[in-house]
Amino acid sequence: MPQIPIARHLLRAKDLADARYAEPLDVAALATAAGLSQAHFSRAFRKAFGESPHAYLLTRRLERAAALLRKTDNSVADICVAVGLTSIGSFTTSFKRMFGCTPSVYRASFPPAAAFARVPACVVRAYSRPVLRTFREDEIAERPIPSAPLTPNLGGRHVQDRKHSAVGA
Amino acid sequence: MYKIANTQLWVHDQNEALAFYTAKLGMEVRSDVTMPEMGNFRWLTVGPVDQPDFAIVLMAIPGAPVMDEQTSIEVRELMAKGFAGTVFLTTDDCRASYESLRARGVEFTEEPEERPYGIDAGFRDPSGNSFRLTQVADFVGA
């Protein structure tokens, strides 16, 4: 059998970064996956893939964070943690350097996540139905008929909640 | 018109690949012939049992005179880096296929995940070639 190219071991480390970025993974763990010392690993990885393993792992995490900013309404802090980063300050700084704007501005430049949520019609109907208002008919005897518009109460909490205002309504 | 009959993947070692594609992926051998008059070139093809008219050629990376030494090294490097090709598989049930392949020893790089187009997972063969295993979602009208 021909000798296994070192690049195949480096690819294992790259696959690990792609699969387990959400965990507290660092370059030392990637080096272990490749079966190389950290210094040798970093040099060999850069030679094979054109960037350092640290840069690869960071940009993978930022790519995943950007997707979560577009697809969810989770907070920036939660997203930072969800992609395996621990410092919100350095997350924001790195994000801004790679994407040219802060996570919040990035999110605001896309349609809200709720626009893509596939909430089934039955759920939309169940949670959008307004609470019955009686226009105080029972008080009519004592007070004049109120001039409230004859529309459902659309200011209800469920309708304003982005998670529940959905397509297919 | 025409049909696709075979497509070729570079592999690190044909015996290693044969074991992986048959014992682990459950494919069948379609052809395994070694030709002495062609420098012991080995034509090795495998395919899914339920898809008899399509096969993957598991091709060893040749040296000179077929491929010059430098090119041979470069192809080997590209393959090992995972940039030499991808096979896209479809399945009726991604999670079930994932479980049965995993039970046979396939190491997945991506576990089954819901995506807009369906559910899919990913793994590699021993050489570094990537595979997607996709259960394509039925389109549901609004």
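Reader: Is A:C122 buried or exposed?

Author: In this predicted model, local features need pLDDT of at least 70, side-chain atom pairs count only at pLDDT 80 or more, and totals for chains, interfaces and linings use all residues. Residues are numbered from 1 along each chain as its sequence is written, chains are lettered from A in the order in which they are written, and side-chain values use heavy atoms, without hydrogens and water. Buried means under 20% relative accessible area, exposed over 50%, and partly exposed in between (1.4 Å probe, protein chains only). Because its relative accessible area is 56%, A:C122 is exposed.

Reader: Is B:C94 buried or exposed?

Author: The relative accessible area of B:C94 is 0%. On that value, B:C94 is buried.

Reader: How many disulfides does a search of the whole structure find?

Author: A disulfide is a pair of cysteine sulfur atoms within 2.5 Å. Over all chains, the number found is 0.

Reader: What area is buried between chain A and chain B?

Author: Buried area is the accessible area (1.4 Å probe) that two parts lose on being put together, summed over both. Carbon and sulfur atoms give 56% of the area here. The area buried between chain A and chain B is about 1,300 Å².

Reader: Which side chains meet in a salt bridge?

Author: A salt bridge is a side-chain nitrogen of Lys or Arg within 4 Å of a carboxyl oxygen of Asp or Glu. The rule finds 1 across the interface of chain A and chain B. At 2.5 Å, N to O, the side chains are those of A:D15 and B:R124.
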